Amino acid sequence: WLYPFLFRAPHGQQRPSITVAGPTRAGILLEVLAIVAAFAFHLPLDTSPGPIRIVLAAVLAAGCAGMGWQSVTHLGRQFRVQAGLYHDHQLVRTGPYGFVRHPIYTSFLGMVVCTILLVTRLEWAPVPLILFIAGTEIRVRTEDALLASRFGDAFRKYQKSVVAYIPFVR
């Protein structure tokens, strides 16, 4: 899942840009805490997650990996870790961006769910999910505000017609 983000995404671009680092860092911190929580509330060491959870996680992971790869491909030069806009930023609406505005977060959420399925005691599953969604909401709102400031009505129309990052949830 991580491969396209590390090796295919264009890092270190030297183009003029606007960056909003504070909210991005807060969101990333909460997302990382979600992963830590998923592992912290682990199943007993002598317990297997069971075949149903393993199969669900494998199917979900495959879909998330595909979505992540396609997201990086379609985003291209617009890829950024921190919320921001390049001077020549374009509004991407192709590929997975035609179904969700933030498919990278969708794929990341799916990988958090995979982690929960494989290693977390289910009674503790809400903790990492809440942390992840809180962090992602910070990032989505920051990015959406930047995109709305740059693309105006075109973005607002896109925003109304395409969900943020959780399919079927407006």
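Predicted model: local features only at pLDDT ≥ 70, side-chain atom pairs only at ≥ 80, totals over all residues.

Colleague: Which backbone oxygen lies 2.6 Å from a polar atom of the side chain of Arg53?

Modeller: That of Thr120. Thr120 is also one of the residues in contact with Arg53 beyond its neighbours within four places in sequence; the others are Leu43, Ile116, Leu117, Leu118 and Leu122.

Colleague: Where is Arg53 placed, and what do the buried residues of that helix pack against?

Modeller: Arg53 is in helix H3, residues 51-75. In general, an α-helix has 3.6 residues a turn, so residues three or four places apart point the same way. In H3 the buried residues are Arg53, Ala57, Cys64, Gly68, Ser71, Val72 and Leu75. They pack against helix H1 (3-8) and helix H4 (103-119).

Colleague: What span should the 25 residues of H3 have?

Modeller: At 1.5 Å a residue, H3 should span 36 Å, and its end C-alpha atoms are 36 Å apart, which agrees. After H3 comes Gly76, with a positive phi near 55 degrees.

Colleague: Is Arg15 buried or exposed?

Modeller: Arg15 has a relative accessible area of 14%, so it counts as buried, the cut-off being under 20%. Arg15 lies in the loop between H1 and strand S1 (17-20). Its side chain makes polar contacts with the side chains of Gln13 at 2.8 Å and Asp88 at 2.5 Å. Leaving aside neighbours within four places in sequence, the contacts of Arg15 include Arg77, Tyr86 and Asp88.

Notes: Residues numbered from 1 in each chain as written. Heavy atoms only, no water. Helix = DSSP H or I, 4+ residues; strand = E, 2+ residues; numbered from the N terminus. Polar contact = N/O pair within 3.5 Å; in protein donor to acceptor, adjacent residues only side chain to side chain. Contact = heavy atoms within 4.5 Å. Expected span 1.5 Å × (residues − 1). Buried < 20%, exposed > 50% of the residue type's maximum accessible area, 1.4 Å probe, protein only.
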